[in-house]
Amino acid sequence: PLYIVDGLFNDNINFLNPEDIESMEILKDPSSLAIFGVRGANGVIIITTKKGKSGSVKINYSGNVSVSTKRNKVDVMNGDEYRDYITNAPNTTEGMLNALNLFPNVSTDWQDEVLRTAISTDHNISAYGSVKEFMPYRVSFGYTDQNGILKTSNFQRYTGSVSLTPSFFQDHLNVNLNGKGVYIKNRFADTGALGSAVSFDPTKP
């Protein structure tokens, strides 16, 4: 879809902190195509962000913590079961037995080695008010740290925004000034580790 944030066209809204959104309106009927042309063919999402308000300074904070864990695992042999299977297999060679017994007391669950219980946090703080009634302002900062259950998977996002909405000439001239910034650091874990963990030798450390 086409995103319109405070009157400006955007191809995506990754730069936008959800806590900064005041309202969203979705246009998906033929009128969106008539108004915005081909760019609006897939629908239009109009987003208005929060602005400052007249009055004394107010500070808001919101945060959350989430925990993610695997639902289940693939049922595979442990070390002792695998040793018994190889030892009693008809095609087992002496070399295979020697390799099997390098670590006689080891039983490694490789799924546990690559997966984890992941804790993620999200923090948002904002302040708004006005300077001498004619200059409402709002500033905000957000930090997201999201971990995946596959080890090394991590997403971090820092967002900041400044909004000034001054009015002049007894409210005959209203100005909206918005500045937004985002820094994203994304580490994608090697998902091939999941398949390897299911098939890897459980008798190795």
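Reader: Before we start, what should I keep in mind about the numbering and the model?

Author: Residues are numbered from 1 along each chain as its sequence is written, and side-chain values use heavy atoms, with hydrogens and water left out. The model is predicted, so local features need pLDDT of at least 70 and side-chain atom pairs count only at pLDDT 80 or more, whereas totals for chains, interfaces and linings use all residues.

Reader: Okay, which strands make up the open sheet, and in what order?

Author: The order is β5-β6-β7-β8-β11, five strands with antiparallel pairing. Strands here are DSSP runs of E with at least two residues, helices are runs of H or I with at least four, and both are numbered from the N terminus; two strands count as paired if DSSP finds at least two bridges between them.

Reader: And which strands stand at the edges?

Author: Those are β5 (58–68) and β11 (177–187), and because each has a single partner strand, one side of each is left without a neighbour in the sheet. On average, neighbouring strands of this sheet are turned by 5° against each other, direction ignored; the axes behind that angle are lines fitted to C-alpha atoms, for helices over the stretch in contact, and angles run from 0 to 180 degrees between N-to-C directions.

Reader: How many bridges join β5 to β6?

Author: Eleven bridges join β5 to β6 (residues 118–131), and the two run antiparallel; V65, for instance, stands opposite T121 in β6. Eleven bridges also join β6 to β7, again antiparallel, with Y137 in β7 as the bridge partner of G129.

Reader: What about the turn between β6 and β7?

Author: The two strands form a hairpin with three residues between them, and K132 in that turn has a positive phi of about 55°. Most residues other than glycine have a negative phi, and most peptide bonds are trans.

Reader: Then what does the hairpin of β7 and β8 look like?

Author: Six residues lie between the strands, and T152 takes a positive phi near 80° there. β7 and β8 pair in the antiparallel sense over eleven bridges, one of the pairs being R138 with S163 in β8. T152 counts as partly exposed because its relative accessibility is 36%, where buried means under 20% relative accessible area, exposed means over 50% and partly exposed is in between, for a 1.4 Å probe and protein chains only.

Reader: Staying in β7, is T144 buried or exposed?

Author: T144, which is found in strand β7, counts as buried, at 11% relative accessibility. Its side chain joins that of D122 in a polar contact of 2.5 Å, a polar contact being a pair of N or O atoms within 3.5 Å; within protein, one must be able to donate a hydrogen and the other to accept it, and residues adjacent in sequence count only if both atoms are side-chain atoms.

Reader: What else is T144 in contact with?

Author: Leaving aside neighbours within four places in sequence, T144 is in contact with T121, D122, F155, Q156 and R157, where contact means heavy atoms within 4.5 Å.

Reader: Changing topic, which residues form the largest nonpolar core?

Author: That core has six residues, namely W110, V114, L115, L150, A189 and A197; a nonpolar core is a set of buried Ala, Val, Leu, Ile, Met, Phe, Trp, Tyr and Cys residues joined through side-chain atoms within 4.5 Å. A second, separate core of five residues includes Y3, V5, L16 and I47.

Reader: How does β4 pair with β1 and β3?

Author: β1 (residues 2–5) and β4 (residues 44–49) pair in the parallel sense over four bridges, whereas β3 (residues 21–27) pairs with β4 in the antiparallel sense over six bridges. V44 in β4 stands opposite L2, and V44 is also the bridge partner of L27.

Reader: Last one: which residues of helix α2 are buried?

Author: In α2 (residues 79–88), G79, R83 and I86 are buried. They cover an arc of only 70° around the axis, which puts them on the same side of α2; that arc is taken from the directions from the helix axis to the C-beta atoms. D80 and N88, on the other side of α2, are exposed, while the buried residues pack against α3 (94–100). At the start of α2, a side-chain oxygen of N78 reaches to within 3.2 Å of the backbone nitrogen of D80.
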